[in-house]
Amino acid sequence: MIRLLLAEDQGMMRGALALLLNLEPDIEVVAEAGTAAEALEAALSNRPDVALLDIELPDGSGLDTAATLRERLPGCRVLILTTFGRPGYLRRAMEAGAAGFLVKDGPVEELASAVRRVLAGQRVIDPALAAAALSTGPNPLTDRERNVLAAAVDGATVADIAARLRLSESTVRNYLSAAIGKTGTRNRIEAAVSARANGWI
């Protein structure tokens with residue numbers, strides 16, 4: 001049996017996925033989690049063969065959880081399942097050590113097959129997303145530029161961002177200016193929207 005951990009923040013979606021995957025003759029959902037912290041705790045205590053992680057979790061990212069699992073539970077293969085089919089997310093997932101990346105609108109049979117394939121050592125990537133990632137190119141932003149842009153998404157002022165990230169206002173302006181230039185946009189809001197659309201933040 002393939003021992004599976006399922007991390008998904010929407011309870012109804014998590015329950016439906018668990019029910020459908022448990023119908024497979026060779027898959028057993030041994031743990032479910034609604035947050036990144038719960039997913040990590042469940043993985044360490046249940047030691048699943050495969051962790052199926054959503055990207056957007058209330059207390060963190062499935063991408064960060066994937067990276068932590070690679071360090072703390074290297075025998076566990078990670079498959080990212082998300083609503084957000086963004087090229088930058090795919091790149092970040094692969095960098096975090098994920099073995100697969102699928103969007104949620106596919107059939108459950110495809111998901112079950114992907115679980116089996118990543119456990120067998122294969123990489124499983126949504127084909128349309130793989131093509132988009134190749135055409136988009138790598139993330140041009142540094143980690144600090146990404147953090148500053150992410151803090152600007154909600155329309156925060158430079159002073160707000162500086163206080164939140166414990167940086168000087170001039171440093172924040174410099175990072176924002178660099179990010180605007182790299183994204184080819186006109187202002188920080190457009191830069192943040194562009195970066196989010198590409199999965200860079």
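1. A word on naming comes first: helices (H or I, at least four residues) and strands (E, at least two) are DSSP runs, numbered from the N terminus. The model is predicted, so local features need pLDDT of at least 70 and side-chain atom pairs count only at pLDDT 80 or more, while totals for chains, interfaces and linings use all residues. Residues are numbered from 1 along each chain as its sequence is written, and side-chain values use heavy atoms, with hydrogens and water left out.

2. Let us begin with the sheet. What is the order of its strands? The open sheet has six strands in the order β2-β1-β3-β6-β7-β8, with parallel pairing; two strands pair if DSSP finds at least two bridges between them. At the edges sit β2 and β8 (124-125), each of which pairs on one side only.

3. Now follow the pairings across the sheet. β1 pairs with β3 in the parallel sense over four bridges. Within β3, leucine 53 is the bridge partner of alanine 7, and leucine 52 is the bridge partner of leucine 6. The parallel pairing of β3 with β6 also runs over four bridges, and there arginine 77 in β6 is the bridge partner of valine 50.

4. Further along, β6 and β7 are parallel partners over four bridges, with phenylalanine 101 of β7 as the bridge partner of isoleucine 80. β7 and β8 pair in the parallel sense over two bridges; here valine 124 in β8 is the bridge partner of glycine 100.

5. Buried here stands for under 20% relative accessible area, exposed for over 50%, and partly exposed for anything in between (1.4 Å probe, protein chains only). In β7 (residues 100-103), Gly100 and Leu102 point one way, Phe101 and Val103 point the other way, and all are buried.

6. Next come the nonpolar cores, each a set of buried Ala, Val, Leu, Ile, Met, Phe, Trp, Tyr and Cys residues joined through side-chain atoms within 4.5 Å. The largest has 24 residues, and those with the most contacts inside it are Ala51, Leu53, Leu69, Val78, Ile80 and Phe101. Two or more residues come from each of β1 (2-7), β2 (27-33), α2 (36-46), β3 (50-53), α3, β6 (77-82) and α4. The most, four residues, come from α2. A second, separate core of 20 residues includes Ala18, Ile27, Val50 and Leu52.

7. Is alanine 42 buried or exposed? Alanine 42, in α2, is buried, with a relative accessible area of 11%. Apart from neighbours within four places in sequence, alanine 42 is in contact with Leu5, Ala31 and Arg47. Glutamate 41, also placed in α2, is exposed, with a relative accessible area of 59%.

8. The largest pocket holds about 300 Å³ of space. On a 1 Å grid over the protein atoms alone, a pocket is an open set of points where a 1.4 Å probe fits, with protein on both sides within 12 Å along at least five of seven lines, and lining residues have an atom within 4 Å of a point. Grid points are joined across faces, edges and corners, and the volume is the space filled by probe spheres set on the points. Of the 15 lining residues, the closest to the centre are Glu56, Tyr89, Arg92, Arg196 and Ile201.

9. Which element gives the largest share of that lining? α7 does, with three residues. The elements that supply at least two residues each are β4 (56-57), β5 (60-61), α3 (62-72), α4 (87-95) and α7 (143-152).

10. Finally, have a look at arginine 146 in helix α7. Arginine 146 is buried, with a relative accessible area of 19%. Not counting residues up to four places away in sequence, arginine 146 touches Arg92, Asn139, Leu141, Trp200 and Ile201.

Technical notes. Contact = heavy atoms within 4.5 Å.
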